[in-house]
Amino acid sequence: MLADALSAALIGLISAGHCLGMCGGLTVALGFHSQGSATLLAYNLGRISTYAFLGLLVGAGLSWLPPQAMPWLRLLAAALLVLIALYYLNLGAWITRIEQLALPLWRRLQPLTRKWLPARRPGQAFRVGLVWGFLPCGLVYTALGYAATQANAGQSALMMLAFGAGTLPAMLATGALSQHLNRWLKRSGTRWVIGLTLLFFAAWLSVQAIRMI
Amino acid sequence: MTLTCFHCGLPAYDARFQLTVGEAPRTFCCVGCLAAAQTILDNGLGDYYRFHDPDQTPAAPPVNERDRERLALYDRDDVQADFVRHDSDVERSATLMIEGISCAACSWLIEKRLRQLPGIQQAHFNQTNHRLTVHWNATELRLSDVFIALHALGYRAQPFKADAEADLRQKTARQYLLRLGVAGIGMMQAMMNAVALYSGNIEAQHESWLRWTSLVLTLPVVIIAAGPFVTAAWRSLKARHLSMDVSVSIAILGAFLASVWATVSGDGEVYYESVNMFTFFLVLGRYLEFRARSSVHASGNALLQHLPPTCLKWTGERFERAPVRDLAVGDRIQVLAGELCPADGEVRAGRSQFDESRLTGEFAPRDKVAGDSVLAGTLNQSQPIELEVTRLGPDSSASSLVQLLERAAGEKPRIAELADRGSRHFVLSTLIITALIGLVWWWIAPERAFWVVISVLVVTCPCALSLATPTALAQATHSLRRQGLVVTRGHTLDRLADITDLAFDKTGTLTEGRYRLVSVEPLAGAGTLSLSESDLTELAAGLEASSEHPIAQAFEAAVAHGTRLPEFSDRRQHPSAGLSGRFEDGDYRLGTARFTLDQAVEEASDRRQRVWLSRNGEGLAVFTLSDEVRSTARTALDELESLGLRCHVLTGDPSRDVDPRLADLPLQGDYLSGLSAQAKLDWMHEQQRNGRQVAMVGDGINDAPVLAGAPVSIAMSSGTDLAKQASDALLLNENLRVLATAIRAARKTRRIIRQNLLWALLYNGLALPLAAAGWVAPWQAAIGMSLSSLLVVGNALRLRSF
């Protein structure tokens, strides 16, 4: 369990490039960075709370599965990891098709944010973060797939929490640091390292799954 | 082929995700980026894409030549002298005020964009006060580049002139926050302890661990958060003076040291949670008081800090941009629409509307035409307008206002002095009482003596007593200032609460004070000299030239702009009568019939304002003027009446009957006309002898002696000549209803101060015996004291509205 949680955190950490590009731009535009660290932190806490909640749902939803199903869950998670790795390696964007699946849900949720934008207080930012946690994101689904392997409400939620915590450093980086980070992440070398690391995780999961069968 | 995501700049594989941004369809890499862009656009933040590259680094739109030229002025040494600091040979730093912060993303954008400039060493934007601090290398970058970069982003930057006092206030505020934070962490320790203790049986080694962690957590609280109390106490002791800090320090240090001893020796009681709570609430109370006090200063200084550094100055041929510091009184300047007026001035050409809200609290724009005065720090809203500079820098209205506010803050009203003295005596008596109680307990039960002493010290801390008054006064002053009433003396609020009567001057107070020339009726003398109506008006205007009486402005407005007025010699003002002066071979007089004419004339009975012009005692013309009653007069009088005040009108105008324009005003008090300044003063004294407290409301210039003699004087001031004002309060906008608000505020202030003092005394009187009896543990004492002083401060903060 601890190893799984750490891996989830690591996935969050190395996929920072994706976070910076999409969510980072959003937080800049919505001004969370400029409102001070409390607002930014509140937004991110909101986002991570949603992740944990999703983990809880998935974990609870799958807890009835018989033990025999566990290896297949791991294989599914591994597949998702492969997809995201391929995305990083510039080899294919199938992951974005999976993202699209959740689009109808997002269309319903997005209007909610209007009520709290522009967010001036941490409380509002937190609520915006709660909604933004539902943003269709391949990375989140991958992590969710991974969390599903626990098939237990508490543990799945914990893994999503770990994943969310992993994304924090990149999201909280402000000023010059994030500029450097961004430039560094865009290098193809970096992307290769990230892609290969994700593939390694996928392989590790698959090996576990095969051993269990 | 490479498609890139419009939002994040990463490669997009195909054109599946599209959204129209602005006019053009854009491609996105994934649903997430598309949704992010959608949200940004939905929130009206589309500018984000204009000013940012996809990797979130700001992009720079072009700046036109005219603006470049204007901003290049900031490279001049004389302009920079005011606000640029030379940190070393090549390093410079400056603080700029940024206007136009509309969306929250602005500060991020500003910092990012500036950091891209070569030679910028540091750029920090403070979101709360809109100040940007930049450090740059003068060999690599010109200051104008910074301004151009900001301009390109759509922000207006202005140099921020360092104000030592404001800086100090900010530093103090930061220190308070640090102390609060540290003490807050200490509070968490207190809670942790409480939880641990209430959870029940703790083993001995756990308890020891708990004590040691508490010690570690409390140490910074004592040093950082409570340190200033100790140093203040030490200072006051050296000055042979007992302040509240003395008893506070004894309590905190005593409890802390005893706890440390108990922790180290493993024997005895610890009081860490009491130390923490006591410190936290003390700092919180002081911080709230500090904030209330400093808000008054901040609102005044904001005016000065916003004055522009450059302006358009007439060079004889055209208007050129010049540093404001080069201006002199008498210079002709142009203020463009959207610019702040850099100095007090008088309109010479053009007409426009000015937003004076920063000065007066009144948001409706004011029309300004030739002859009107325009004040430094007010905003030109519609048209370019030409002004002649009348007052500059420290003489300007804005500076005077700040000085007045500071004078008021520096003076302590009677009630505050009383409370101060009270709390001083109080400290001494508590210390003595505490010592006695300690001795008694030492004799009865030595093991309890120590904590009883601590409890007594804490519980009787006269924090509430000393916080009560300053907080209330500061909050009330600040709230009134925002409505346009400037309290200029420390005693004003105190005395306003006692007021039973209000005496109004008529002209310029109940009426608008702007006369308009309605008709000119030539008399026989004009025929013999063959003077036309406009000649007569010019004569009158010449005689009134540079007079500040409202009637003068009517004549000035009536003559065509640029007309050469006859120049009178030996011009003299006769209070309540008129003006006299010599021109060519005649003695001219302008004013009442009695004053100007040799033979008595029958005064018309319709009571319109009439002014006679005479030459050597022979009537030349009768001018009819009108001046309207202020629109707020009626409701204001109604409101004042409902507060139980009698309103009187004292006017120097000679007509004996009630002015028909005032006839339908709900006046309960006297209507006295034809009064000289001396007569008004006598009336005032008579009222005082009858036990009535009269507040005089006048226009501030003509009524100066009466205002000075009244218990409370309020001057209606359009903001000009603030420095000359001797009154206790200034009403900067024309809304007479603010007077009722002021009375309400003063009464509420007094009520709240009394409530606070009463509470403080009751609480201390009740808590002291309990603590002395040993029924109050130190932590309970800390809570009691803190709640008491927070209650007092919270009560004072109610003065935000009336």
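# Helix packing in chain B

Reader: Which residues of α27(B) meet B:Cys463, B:Ala464, B:Leu467, B:Ala468, B:Thr471, B:Ala472 and B:Gln475 in α16(B)?
Author: The model is predicted, so local features need pLDDT of at least 70 and side-chain atom pairs pLDDT 80 or more, while totals for chains, interfaces and linings use all residues. Residues are numbered from 1 along each chain as its sequence is written, with chains lettered from A and ligands numbered from 1 in written order. Two residues are in contact if their C-beta atoms, placed from the backbone, lie within 7 Å. On the α27(B) side, the residues met are B:Met785, B:Ser788, B:Ser789, B:Val792, B:Val793 and B:Ala796.

Reader: How many residues of the contact of α16(B) with α27(B) are nonpolar?
Author: Ala, Val, Leu, Ile, Met, Phe, Trp, Tyr, Cys and Pro count as nonpolar, Asp, Glu, Lys and Arg as charged, and the others, Gly among them, as polar. In this contact no residue is charged and 4 are polar; the nonpolar residues number 9.

Reader: Are α16(B) and α27(B) roughly parallel or roughly antiparallel to each other?
Author: Axes are lines fitted to C-alpha atoms, for helices over the stretch in contact, and angles run from 0 to 180 degrees between N-to-C directions. The axes of α16(B) (residues 463-482) and α27(B) (residues 778-796) come within 8 Å and cross at roughly 15°. Angles under 35 degrees count as roughly parallel, over 145 as roughly antiparallel, 65 to 115 as roughly perpendicular and the rest as oblique. The two helices are therefore roughly parallel.

Reader: At what angle do the axes of helix α15 of chain B and α27(B) cross?
Author: Helix α15(B) covers residues 446-459, and its axis comes within 8 Å of that of α27(B). The crossing angle is roughly 0°.

Reader: Which residues of α27(B) make the contact with α15(B)?
Author: From α15(B) come B:Trp451, B:Ile454, B:Ser455, B:Val458 and B:Val459. By class the contact has 8 nonpolar, 2 polar and no charged residues. The α27(B) residues are B:Pro778, B:Ala781, B:Ala782, B:Gly784 and B:Met785.

Reader: How many strands are there in chain B?
Author: Helices (H or I, at least four residues) and strands (E, at least two) are DSSP runs, numbered from the N terminus. Chain B has 27 helices, and its strands number 31.

Reader: What percentage of the residues in chain B is buried?
Author: A residue is buried if 20 or more other C-beta atoms, placed from the backbone, lie within 10 Å of its own, exposed if 12 or fewer, and partly exposed in between. Of the 802 residues in chain B, the buried share is 45%.
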